[in-house]
Amino acid sequence: MSRAVALVSTPASAPAIVGRWLVVDDSPSDRRLMEEALIEADVERHDVVSVGSIGAARQVILADDIAGVLLDLSLPDASGLEGVAVLSAMLPDAPLVVVTAHPADSLVYAALAQGADEYVNKGDLEISALRDVLIRAQGRRIGQRRRPGAPSGRALDKLATPAVT
């Protein structure tokens with residue numbers, strides 16, 4: 001994917017996007033695009049972590065404090081809703097933004113119903129729009145309680161070990 005990202009500066013009074021963000025996409029060029037988009041949307045460079053699979057995402061989540069996730073729906077070790085299920089269970093209080101190259105369809109709506117907070121089309125990825133999506137997603141999580149039935153503590157270790165099939 002080789003498309004330009006529109007750089008739009010944001011006013012100093014705009015709400016901040018806080019914490020470390022995890023980008024999960026198997027395409028190195030798409031990961032780079034999302035990393036740069038996050039940085040241009042005021043996430044510090046050292047607060048952006050990117051990986052190419054759900055397995056690698058699990059390891060990062062177990063080792064790091066992740067505030068939010070940008071997730072591609074088509075990965076080598078998880079497709080469709082599998083990635084949403086795994087990551088929303090591991091990070092029940094973090095915003096989960098689905099990022100896909102496909103137009104909104106039933107899969108995107110199902111992902112939103114299963115725990116994703118927002119949807120972004122890679123073809124429409126602009127800094128100002130991404131920033132708004134991230135702030136909206138974080139805003140939904142601020143003050144929310146843990147999702148009902150979400151695992152915590154040692155239960156997360158069990159989620160980290162089995163492979164998604």
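Guide: Terms first: buried means under 20% relative accessible area, exposed over 50%, and partly exposed in between (1.4 Å probe, protein chains only). A salt bridge is a side-chain nitrogen of Lys or Arg within 4 Å of a carboxyl oxygen of Asp or Glu. Lys and Arg count as positive, Asp and Glu as negative; His and the chain ends are not counted. This is a predicted model: local features need pLDDT of at least 70, side-chain atom pairs count only at pLDDT 80 or more, and totals for chains, interfaces and linings use all residues. Residues are numbered from 1 along each chain as its sequence is written, and side-chain values use heavy atoms, with hydrogens and water left out.

Visitor: OK. Is Arg31 buried or exposed?
Guide: Buried, yet without a salt bridge. The nearest side chain of opposite charge is Glu35, 5.0 Å away.

Visitor: What does the side chain of Arg31 reach, then?
Guide: The backbone oxygen of Asp25, at 2.7 Å.

Visitor: Where is Arg31 found?
Guide: In helix H1, residues 28-40. Helices (H or I, at least four residues) and strands (E, at least two) are DSSP runs, numbered from the N terminus.

Visitor: Switching to the sheet. What's the strand order?
Guide: S2-S1-S3-S6-S7, an open sheet of five strands with parallel pairing. Two strands pair if DSSP finds at least two bridges between them.

Visitor: Which strands stand at the edges?
Guide: S2 (48-51) and S7 (118-121). Each has a single partner strand, so one side of each is left without a neighbour in the sheet.

Visitor: How many bridges between S3 and S6?
Guide: Four, in the parallel sense. Leu70 stands opposite Val97 in S6.

Terms used:
A polar contact is a pair of N or O atoms within 3.5 Å; within protein, one must be able to donate a hydrogen and the other to accept it, and residues adjacent in sequence count only if both atoms are side-chain atoms.
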